[in-house]
Amino acid sequence: MKAVIMAGGEGTRLRPISILKPKPMVKLMDKPVAEYIVRLLKKYGVTDICMTLRYLPQVVKDYFGDGTDFGVNIEYQVEKEPLGTAGGVRACRNFIGGDDFIVISGDAVCDFDLEKCFEFHRKKNSKVTIILCQRDEPLEYGLVLTDNSDRVTQFVEKPSWDKVLTDSVNTGIYILSAEILNRIPKGVSFDFGRDLFPQLLSENVPMYAMTAEGYWCDIGNCRAYLECNFDALDGHIGFNFGNQLRSGVWSRSDLPEGLSIHPPCYIGPDVTFDGEASIGPFAVLGKGTHIGSGAKIERSVIDGANIRPGAELTSAVICQGAVIGKDSLISEGCVVGDGAVIGNGAFLADGVRIWPRKHIEEGGRVLISVVHGSSGSSALLFQGKLSGEIGADLSFENCISIGSALAGYGKVLISSSGSPAAIAAANALKCGICAGGGEVWESERSFESATAFGARFYDMGASVFVRHNGPSLVLNFYGKDGRAFTRADERKIEAAINGDTVRAPHDRIGGVRNLPDTVDSYTLSAVKQGFFRNRMPCRTPVYVFGDSIAAITLKRVLSVLGCTTAKRKQDGICFQISEDGFSLIAEEGGAVIYPPQLAVMLALLEFEIGSGRVAVGPSAPSAIEVLAQSLGGKVLKVGRNKNAESLLSQQTFMYDGIFAAARLVAGLSVKNESLSHLAQRTPRFFVSHRSVPIRRSRGAVMRELISTCSEMSVELTEGLDISLNKGHIRISPLADKALRITTECDSETSASELCDQFEDLVRNIDNKQ
């Protein structure tokens, strides 16, 4: 069997460790990660290898040559343009020939028994075998679901927590039939996880997955790199790291008397010491490192750097040629790049990263990363919304870096709530976008749903609304479809916050244009979508709470539709719109109708006098499906039906509160019906929510839940959906190590009882050893 090693990775999230070398050439105990993969392949008889390269290819070629020094034969395939994981492998077609072959990543560390993987592939007579392992925190990986015969049933690519259905992750190790190469287009970017495998799954091509035993770690970021080194020291990886002087201490250098060593530690060749120093526990001193007298190195990796007397390092990475000055203090999570100099007595705060060849002056206190003025952040990014305390969690330097990432979307619409802090953050975003070569379209004071709409209406690549809320800033990101950023989009923002900053050539600096009429365009579109086909004017008296921009806009929309203004809320339909414009509450005659029931009422109108089709998100009430069955309507669900996203982008009223109010009053006018009467005609349902804290990994509990419920009527979209005669259950992971259970039944008691039943099931699974 032959092998293709994917070794073209740039490792942007691993910066500054990987700035001057490809990700597979990052060192683990003085050897590049890719060398461990080459030796693993040789151990199991795979000696014909082709490496796919792109970023700094000569660094890899110079180290491995033709493979003779490693007992293998190595060829290279250098990509001029990114071809994706599958496209890069297809380019190796002449090397591969007609037999089955293995694809393996050159930037992940593993010690799997490959012979067992080969045997599984042959036994299953599989066209594609995917090697899996289990991870407690699976967000950075592709998830793979299988049936009881190990056949692949579903892929979830780098999910957010609400889409985590298992803890079985794709390791990027595949055993493939050569005929699969025929399915990969030539010369274009094509990915295994995103393109090829979903295509094969839809065509029912046999694909199987095996969970391998042993160690596997994708060195995707600086924290993972540190942990991989610690795992190696702790004996979790089946590799030999050289001469073991005593339990937990490997050394290839002479150790002077007076040196205090706390296992486990690795000390490479040509490491020198000036008198007494404290090394370990969990210290890696790479080749050529120098440690000064009185230095203290704990839980850190040093790759050939000079640590001067009295310096203290905790959980840090110091790259080749760097100098850490006398009596400096390097805090947890810091990374100092190649050739950087930290002056005597300097202090680096937690998580600071110093880019290569930067210089920190003597006595300097560095609280943010030194990249191009950007810094790290502890702000929380979830479901397209980034929030954090101004200056602490989310700085204006962060906003510049985020803007540089947004430049990749081309045209970007920026708007804010109008406070000084929000305007300053919006201006910082604009600077980053322009510096990255993007084009800014600036809108005056607006609100979130109007800004989301603007991305789609004006054909923007993305839009951002900045709101100042007390001590915090909230950045809301929307894609070109007007919906919240996907997890893939969020990863770009996270990379920017962590230092992956884009700078355009001087002749491609972007500009800023004014777009004054966003809210006007939004208002007219809401009016247009409000009318049904016969465009009957509304005469409904309405009362709108509040004076936010969203509330004022809703009043304008209803007025244009022909609604009259009620002086008191009891004189007509009363609407309460959220500040962001997305959530609507209606009231008539003392009866309050909340967003879930409003969604069902809008669906009823659409089935009766609209298009007969409704698009809904994964968490929509199941009562909409019940209505569709009784009225002959059709429900397209995101994550289940192919054209659901497209239809949902047209039916803005299904997720935008102002559009929903317009559609609702227009429908009531056509039907000559009151709000309360329409509500009575919708299926009666009650919803119960519960958050269940768990001790085990969320992915593992979800995997066992899915297996336990496999005989029930289940659907896997954003979480686990279960349909029973008694009602509907949705279970999905939360970001704070808990599972959320939502039940929907025809009575409040039944919804609560069903919640109890599945909470017990979750707790029983969580309590398993």
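Predicted model: local features only at pLDDT ≥ 70, side-chain atom pairs only at ≥ 80, totals over all residues.
Guide: Welcome! A crossing is right-handed if the near helix is turned clockwise from the far one by less than a right angle, and left-handed if anticlockwise. By that rule, helix H8 passes helix H11 in a right-handed crossing.

Visitor: Which residues make the contact of H8 with H11?

Guide: Asn398, Ser401, Ile402, Ala405 and Leu406 come from H8, and Lys492, Ile493, Ala496 and Ile497 from H11. They divide into 6 nonpolar, 2 polar and 1 charged.

Visitor: What makes H8 and helix H9 oblique as well?

Guide: H8 and H9 (residues 420–435) pack at an angle of about 40°, with their axes 6 Å apart. Roughly parallel would need an angle under 35 degrees, and roughly perpendicular starts at 65. The pair is therefore oblique, and its crossing is right-handed. On the H8 side, the contact includes Phe396, Cys399 and Ile400; on the H9 side, Ala421, Ala424 and Ala425 are among the partners. The whole contact divides into 11 nonpolar, 3 polar and no charged residues.

Visitor: How do you know that the buried residues of helix H5 lie on the same side?

Guide: The buried residues in H5 (residues 114–124) are Leu114, Cys117, Phe118, Phe120 and His121. They cover an arc of only 160° around the axis, which puts them on the same side of H5. As background, an α-helix has 3.6 residues a turn, so residues three or four places apart point the same way.

Visitor: What do these buried residues of H5 pack against, and which exposed residues does the face turned away carry?

Guide: Their partners are helix H1 (33–43) and the strands E6 (101–105), E8 (128–134), E11 (168–176) and E12 (207–211). The face turned away from the buried side carries the exposed residues Arg122 and Lys123.

Visitor: Why is Arg223 called exposed?

Guide: The cut-off for exposed is over 50% relative accessible area. Arg223 has 61%, so it counts as exposed. Arg223 lies in helix H7 (residues 222–233). Its C-alpha atom is 9.8 Å from that of Val335, 112 residues apart along the chain.

Visitor: Why do Leu56 and Asp150 count as partly exposed?

Guide: Partly exposed lies between under 20% (buried) and over 50% (exposed). Leu56 has 34%, so it is partly exposed; Asp150, at 28%, is therefore partly exposed too. Leu56 sits in the loop between strand E4 (48–53) and helix H2 (57–64), and Asp150 in the loop between strand E9 (143–146) and strand E10 (152–156).

Visitor: What makes the phi of Leu56 and of Asp150 worth a look?

Guide: Most residues other than glycine have a negative phi, and most peptide bonds are trans. Phi of Leu56 is near 45°, whereas Asp150 has a phi of about 75°. Both values are positive, and neither residue is a glycine.

Notes: Residues numbered from 1 in each chain as written. Heavy atoms only, no water. Helix = DSSP H or I, 4+ residues; strand = E, 2+ residues; numbered from the N terminus. Contact = heavy atoms within 4.5 Å. Nonpolar A, V, L, I, M, F, W, Y, C, P; charged D, E, K, R; others polar. Buried < 20%, exposed > 50% of the residue type's maximum accessible area, 1.4 Å probe, protein only. Arc of directions from axis to C-beta. Axes fitted to C-alpha atoms, helices over the stretch in contact; angles between N-to-C directions. Parallel < 35°, antiparallel > 145°, perpendicular 65-115°, else oblique.
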